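Visitor: I am new to this structure and would like to go through it step by step. Please show it first.

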Amino acid sequence: MKRKIGLMLLVLVVACSSWVGFAFAQPIKIGVFEPMTGPSAAGGEMTVEGIELALEMKGEVLGREVQIIVVDNKSDKVEAANAVSRLIERDQVVAIIGSYGSSLSMAAGDIVNKAKVPTVGCSPTNPLVTLNNDYYFRVCFIDPFQGTVMANYAVNELGAKTAAVIQDVTQDYSVGLSKYFIDAFRKLTGDPNSIVEVSAYNTGDQDFTAQLTNVKNKQPDVIFAPGNYGESALLIRQARDLGIEVPFLGGDTWEAPEFLSIGGEAVEGAVFSTHFTAEAPVTPESDKFLAAYREKFGKEANAFAALGYDAYMLILDVIEKVGSADSQAIRDGLAQVEGFVGATGIITLDENGDAVKSAVINKVEDGKFVYLTTVEPF
Amino acid sequence: MGNLSMFLQHLTNGISLGSLYALIAIGYTMVYGILRLINFAHGDIFMLGVYLTYFGILYTSIPWWLVFVIAPAITGIIGLFLEKVCYKPLRDSPRITILISAIGASFLLQNLGIVLFGGRPRAFPVPRVLNHVVKVRGVSINVITFIIPVVTILLLVGLTYFITKTKTGMAMRALSRDYETASLMGIDINKIISITFFMGSLLAAVGGIMWGARYPQLMPLMGMMPGLKSFIAAVVGGIGNIAGAVAGGFILGLGEIMLVALLPRLTGYRDAFAFVVLIIILLVKPSGLMGQRETEKV
Amino acid sequence: MRKNGRSDRAALLALACVVVGLILANRYLDDYKIRIINLSGIYVTLGLSMNLINGFTGMFSLGHAGFMAIGAYTVGILTMPVQMKEMNFFLQPIVPFLANVEWGFLPALLAAGLVAAVLGIIIGAPVLRLTDDYLAIATLGFAEIIRVVFTNTQSLTNGALGLKGIPNYTNTWWSWGVAFVTIWFVSFLIRGSYGKAFMAIREDEVAARAMGINLFKHKVMSFAFGSFFAGVAGGLLASLLGTIDPNMFRITLTFNILLIVVLGGLGRITGTVISAVIVTVMMEALRFLDESINLGFVEIKGVPGMRMVIFSIILILMVIVGREGFLKRLKGRETSYAEN
């Protein structure tokens with residue numbers, strides 16, 4: 001009898017321990033919501049590449065396997081909200097990464113805040129994304145900085161006295177960036193009339209000749225035209241056709257191979273700000289990332305892949321530091337991040353959860369993105 | 001830049017855009033004129049035509065000018081199939097039903113485009129001959145902007161001849177008046193409708209190629225706006241009337257450009273312009289500028 | 001309609017079932033499923049409001065996205081806390097007369113419906129004499145115009161930046177409460193003399209006019225009611241999401257609603273309710289089509305966009321195969337394209 005009880009106990013203990021062991025072996029789930037279809041698909045794809053690479057390089061933390069679950073938000077707000085809600089409830093993720101596109105990120109904002117699941121944005125640069133949201137963080141800089149960087153470049157490096165702005169009025173990103181550029185440019189030149197023309201178009205437009213003819217007539221020194229890479233490439237092409245020779249400046253969205261292929265020779269000399277460039281590794285982590293990316297994809301990495309990589313690595317680093325994969329613990333850890341060494345630079349998150357870090361300025365030369373300079377945060 | 005040359009530049013831009021709208025509107029108006037059916041999928045057939053051309057140029061060794069002929073032909077056959085699947089079974093159904101089917105077909109083609117070609121834009125390989133800039137007294141003109149109006153006018157003349165003078169053309173016109181009588185007269189309705197769809201889709205593809213050469217960015221959703229605007233052009237000109245469609249296209253193109261030229265503050269509203277024109281035309285003269293008035297049948 | 005007494009009892013029973021269902025759902029289901037239930041309720045309202053215009057009165061309108069936008073923005077602007085507004089309108093301040101309003105949800109929802117309805121009348125009155133395809137394209141044009149205007153009027157709508165931080169009032173009670181009011185209202189309307197007039201217009205405009213039915217009045221009325229509920233549903237959606245921008249309200253949104261209406265049957269109430277729920281759930285359930293499926297030994301690469309292909313095919317099939325069924329009521333209503 002005693003033996004029997006002993007045996008049963010043994011079985012119980014083994015069962016329990018294996019069950020406990022099993023529980024420990026449960027993977028840590030991190031959700032990713034990015035646009036894989038729709039107008040923002042290119043940005044989403046690039047970001048996910050970086051995240052997948054990071055997973056391959058570091059697939060384990062606290063002795064547990066890490067699993068990422070990628071869902072498509074279709075570049076659509078309602079879908080983005082549904083996707084994030086599904087990640088939280090059905091997949092029970094402890095943290096989320098995403099999304100390319102500020103408006104998509106904002107659609108998720110309320111949900112992650114309420115569910116108390118920490119979320120790290122890779123490239124949403126609109127200031128509103130993290131504002132009043134204790135659970136939203138990001139590894140990129142924000143638009144006020146980016147707009148100012150380009151205005152500085154135009155005035156100090158190019159010696160521009162006047163500028164024209166052509167914005168995509170349907171993109172929050174483009175509208176915001178234009179506004180910051182205009183303010184900074186006026187301040188730097190000290191001339192309230194230095195912005196000679198502000199013109200507008202809609203996403204999906206293909207003909208910009210009318211707007212460009214107006215701009216040409218005002219003879220600006222530079223043209224600031226942030227927008228989707230496709231439309232921007234067409235716009236610059238048509239500008240060159242019309243005989244506009246002045247430099248075009250833009251933002252981080254231009255960094256896509258399609259900008260070069262659609263723009264062709266016309267986009268030669270176009271200058272834009274971005275988060276990172278393969279040509280100027282800033283940290284040892286950059287080198288590591290670049291080498292791994294080259295090996296996996298056989299090409300040079302872009303800024304979005306690097307940001308995706310950083311977002312993932314940052315979350316894992318925090319999990320390691322706080323020693324727990326609990327959502328609340330990760331959030332508290334993220335709020336304290338200081339001097340995290342990422343591929344895109346040293347990341348310190350400020351009180352809003354925004355990364356304070358340097359911007360890179362790139363130029364198109366011989367059909368390639370070429371590094372010009374790095375701008376430190378002011 | 002002088003005021004005159006700036007105005008001329010705007011005018012050139014307007015004619016260039018207008019002739020593209022006109023080109024696509026021809027196909028639209030032809031299908032409508034004969035079948036009384038708004039082929040919502042016209043813009044998406046246009047998109048298919050551009051993608052076929054893209055793959056033809058990049059992935060086969062066929063010279064580009066031959067691709068410019070083959071791709072529209074294939075697109076025409078696709079259009080013919082589309083009619084057989086989505087519209088023919090509904091020939092006796094109410095208009096709304098067919099309209100819904102047309103909208104469904106449009107979305108099907110768009111999403112198939114996303115599945116097959118991916119959501120990321122592609123660069124249209126514009127042949128060098130078609131892509132360089134000439135300067136005439138301070139006005140910059142891309143060669144393609146000369147070619148498009150020429151193609152449009154040629155098609156206009158050719159089609160008008162076809163419709164009025166050939167046997168098939170006359171059968172089409174008979175069909176547009178009255179199906180039953182036409183079939184009693186020994187006209188093979190199915191054949192004529194197939195031919196109409198083939199030609200309509202072929203024209204859409206030709207328009208698409210010209211569009212791609214002018215605005216070399218390919219996307220699965222690229223057909224939607226040009227499709228809608230060309231439809232509006234067709235309505236403005238009097239739907240079913242080929243010359244009217246061309247006139248409507250030019251009016252719309254020039255109007256859009258001149259809105260920006262004359263009222264720069266309203267540039268953001270440019271996309272709404274076509275729809276405002278549409279609504280005004282529908283209210284003031286629903287039959288369009290060159291269309292005939294239809295009587296209500298009881 | 002059918003015998004009133006029996007259908008009333010059936011409706012009450014259905015209502016009771018749904019109420020019990022909602023109580024249970026709120027207790028046992030997670031937020032994700034609740035969100036889908038909310039969306040279903042909103043889509044029921046949208047589907048019915050479109051069916052009122054398209055199915056019952058037989059006017060083919062594609063302007064729903066525009067009316068939803070109006071409703072969504074009305075609710076967004078009216079319910080947002082003052083401080084939140086300041087934060088949102090950081091590029092250009094909001095027009096002063098709206099800066100300090102902060103309404104409750106119910107009045108805001110009603111306002112959303114009313115604004116949409118008034119705009120529906122203003123827009124509808126001139127274009128409603130157009131028929132079929134022309135009306136479709138004109139209403140679609142209006143929806144696009146509304147979107148473009150909202151994008152450009154920054155001091156009113158915050159333009160492309162959209163609104164963020166709209167209070168989340170929408171819960172299952174609101175979404176399904178409104179859905180039931182809509183169901184009740186539409187069936188009440190249809191049973192009464194207005195409904196008879198609507199359907200007479202649908203069946204034969206000329207004959208209806210000969211019978212002394214005021215075509216214009218009834219068409220505008222149907223359009224106004226439809227827009228009202230579209231506006232309310234837009235408001236519910238805004239409050240559910242907490243953030244809106246003009247780009248949400250594109251024609252794709254109208255397409256989704258059209259799919260619901262066609263699937264449920266033009267001029268069918270119960271059908272629309274059921275199809276609204278099915279479509280909303282399917283949109284989520286078919287997500288796997290877009291994603292990779294791992295069968296253990298082999299991984300099937302998901303194809304992004306496959307979901308919408310399936311839905312488009314369903315729509316076409318419904319129209320072609322189902323034409324003998326639910327669309328039969330419309331048959332012979334007017335000249336088909338083959339008889340023209």
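Guide: One definition is needed before the helices: the expected span of a helix is 1.5 Å times one less than its number of residues. Keep in mind that this is a predicted model.

Visitor: What span is expected for helix 5 of chain B, at 1.5 Å a residue?
Guide: Helix 5 of chain B covers residues 143–165, which is 23 residues. From its first C-alpha to its last, the helix reaches 33 Å. That is close to the expected value, 33 Å.

Visitor: Which elements are included in what covers the buried residues of helix 5 of chain B?
Guide: The buried residues in this helix include B:I144, B:I148, B:T152 and B:L159. The cover over the buried residues of helix 5 comes from chain B elements that include helix 1, strand 3, helix 8 (189–214) and helix 10.

Visitor: Which element of chain B gives the largest share of the side that touches chain A?
Guide: The contact takes 25 residues from chain B and 28 residues from chain A. On the chain B side, two or more residues each come from helix 1 (3–35), strand 3 (139–142) and helix 10 (242–262). The largest share is 5 residues, and it comes from helix 1 of chain B.

Visitor: Which helix of chain B gives the most to the side that touches chain C?
Guide: This contact takes 44 residues from chain B and 45 residues from chain C. Helix 4 (95–117) and helix 11 (270–284) of chain B each supply at least two residues of the chain B side. By class, that side has 30 nonpolar, 7 polar and 7 charged residues. The most, 16 residues, comes from helix 4 of chain B.

Visitor: What percentage of the residues in chain C is buried?
Guide: Chain C has 15 helices and 4 strands. Its residues number 340. The buried share of them is 55%.

Visitor: Why is helix 11 of chain A largely enclosed by the rest of the structure?
Guide: Helix 11 of chain A runs over residues 303–322 and reaches 28 Å from its first C-alpha to its last. A residue is buried if 20 or more other C-beta atoms lie within 10 Å of its own. The helix is largely enclosed because the buried residues are 17 of the 20.

Visitor: Which residue just after helix 11 of chain A takes a positive phi?
Guide: The place to look is just after the helix. The phi there is about 65°, and the residue is A:G323.

Definitions and conventions: Residues numbered from 1 in each chain as written. Chains lettered and ligands numbered in written order. Predicted model: local features only at pLDDT ≥ 70, side-chain atom pairs only at ≥ 80, totals over all residues. Contact = placed C-beta atoms within 7 Å. Nonpolar A, V, L, I, M, F, W, Y, C, P; charged D, E, K, R; others polar. Buried ≥ 20, exposed ≤ 12 C-beta atoms within 10 Å, placed from the backbone.
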